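Biologist: Can you take me through this structure? I'd like to start with the space inside, then move to the ligand.

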Amino acid sequence: MRASLAKEVNRILILVAASLLLCLLWRTIWPLIAGLGLYIIWSTRQLFALYTWLVREEHTDPPDAAGLWGEFYTRLEHLFRQERRAQDNLQGIIQRAQESVNALEDVVVMIDQHGHLEYWNHAAQKHLGLRPDKDLGQPLTNLIRHPRFTHYLAKGRFNEPLEIPAPVDDNRILQFRITEFGEGDQLILARDMTRLHHLEEMRKDFVANVSHELKTPLTVLKGYLETLLDTVPEEQTRLRRALHHMDTQSHRMEALVNDLLLLSRLENTKADNTGQTVAVHGMLHRMRENALALAREKDHEITLAVPEDARLVANPAELESAFGNLITNAVKYTPAQGHIHIEWRQDDQGGHLSVSDDGPGIDPQHIPRLTERFYRPDNSRVTQTGGTGLGLAIVKHVMLRHDGKLEIQSALGKGSTFTCHFPPARVAGKPAMTNP
Ligand code: ADP
């Protein structure tokens, strides 16, 4: 480039020198004017040629030019070739990305900050019924009209996925997950959960049916065991011991079947939102009395700090199961002379019922799994306590059906606190029922 520039400067100098020489010889300024004029015309022609070349779509075959202009064209053509190669590369990457997104079984949809459709893959056409050209730029909520989806999108809290029937086929269940990116844009992923849903339904039905079928044989067995215990003479100690053992185990089995049935009812039926007002104090007071009577030998101190006018809009039977399980657990796991505290708090977050004990506590690593069915941190305690392993799973489901949640705080050797959090809508401000 430097050499071409020097040549160009030389060319101008020679032109000026020749023109000046002619000016001196002919004693007139015209040769200089003519020389510079010719140079300007030549340069303008080159500029026009450059412009015409630049506005062409393809920047190949640059015009013939010598010197600095020629160098200029070669450099520009090289730059354009590089840019074309980068563009082709990028195009290839975008195409491959699009092909792979289209090959996905899962739905992928992108919407802008106003909720308008920007991009979607083939699976979105199949499961959501989006049409290739027509729906571009349409608000997504015009095309997926399920109220739960609209509410989910509007709420903007996407930590939990949403499951709804597919807009094009009610028999298919889609699970939506939404991720925000850029400036308010959203990436929506949806997966066909129909098969898993069916399997889950089958599992629930199976457990419910087995539990139901076990009820009658168990009742018969228990009946015979009771009769035998009444009739076998006291001296037949070995036989009586065996019968007692069978009787205890049949009671455990009955409790297990009942808990399984309750759990499947909580899972399979719609939450009862009839809005009965439950007097919490009366219910907990009764439970405290029962707990004291049932474990008299443990001599627990059970304190109750629940205002008399505490009221919840809830299903009383479900509430009784949940609170009952928490209190029974506290009694079961707290050693003799231990202290159990039942407390109700109310604030602008809602109502909070906590059951605390100064028992053995739970290793924090087990806490996230405690509400799973049959999950027990310490299996050796099972036979001693005689629990079903379903108590906390029941509490969790009852809380879900009441739009609340169960919180567990515990540390080994320091006791445990189980708190049921109810949303403000579930807390009835004024007393509507007298204590039983
Ligand atoms: P279980 O029938 O075994 O009591 P749950 O679902 O009610 O079943 O409880 C699950 C496990 O949580 C129990 O096995 C026990 O290890 C632990 N747990 C529950 N409540 C308490 C408590 N108050 N103190 C210590 N451990 C508890």
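Modeller: First a definition: Ala, Val, Leu, Ile, Met, Phe, Trp, Tyr, Cys and Pro count as nonpolar, Asp, Glu, Lys and Arg as charged, and the others, Gly among them, as polar. Also, this is a predicted model.

Biologist: Ok. How many cavities of 30 Å³ or more are there?

Modeller: The search of the whole structure gives two. The largest cavity holds about 50 Å³ of space.

Biologist: What lines the largest cavity?

Modeller: Its lining is Arg203, Lys204, Val207, Leu260, Leu263, Ser264, Glu267 and Arg373. By class, that lining has three nonpolar, one polar and four charged residues.

Biologist: And which helix gives the most to that lining?

Modeller: Helix 8, with four residues. Helix 7 (194-231) and helix 8 (237-268) are the elements that give two or more.

Biologist: Switching to the ligand. Which residues come nearest?

Modeller: Of the 19 residues around the ligand, the nearest are Asn329, Tyr333, Asp357, Arg376 and Gly389. Helix 10 gives the most to this shell, with four residues. The shell divides into nine nonpolar, six polar and four charged residues.

Biologist: What sits at 2.7 Å from an oxygen atom of the ligand?

Modeller: A polar backbone atom of Gly389. In the side chain of Arg376, an N or O atom is 2.8 Å from a ligand oxygen. For Lys332, a polar side-chain atom lies 3.0 Å from an oxygen atom of the ligand.

Biologist: How much of the ligand's accessible area does the protein cover?

Modeller: 98% of the 530 Å² that the ligand has on its own.

Biologist: Last one: where does UniProt place the PAS domain?

Modeller: The unreviewed UniProt entry places it at residues 93-147. That span is 42% helix and 16% strand, and its end C-alpha atoms lie 38 Å apart.

Technical notes. Residues numbered from 1 in each chain as written. Predicted model: local features only at pLDDT ≥ 70, side-chain atom pairs only at ≥ 80, totals over all residues. Heavy atoms only, no water. 1 Å grid on protein atoms, 1.4 Å probe; cavity = no way out; pocket = protein on both sides within 12 Å on 5 of 7 lines; lining within 4 Å. Points joined across faces, edges and corners; volume = space filled by probe spheres on them. UniProt positions renumbered as here; feature names shortened; annotations may be inferred. Near = heavy atom within 4 Å. Polar contact = N/O pair within 3.5 Å; in protein donor to acceptor, adjacent residues only side chain to side chain. Areas by Shrake-Rupley, 256 points an atom, 1.4 Å probe, with all protein chains shown as cover.
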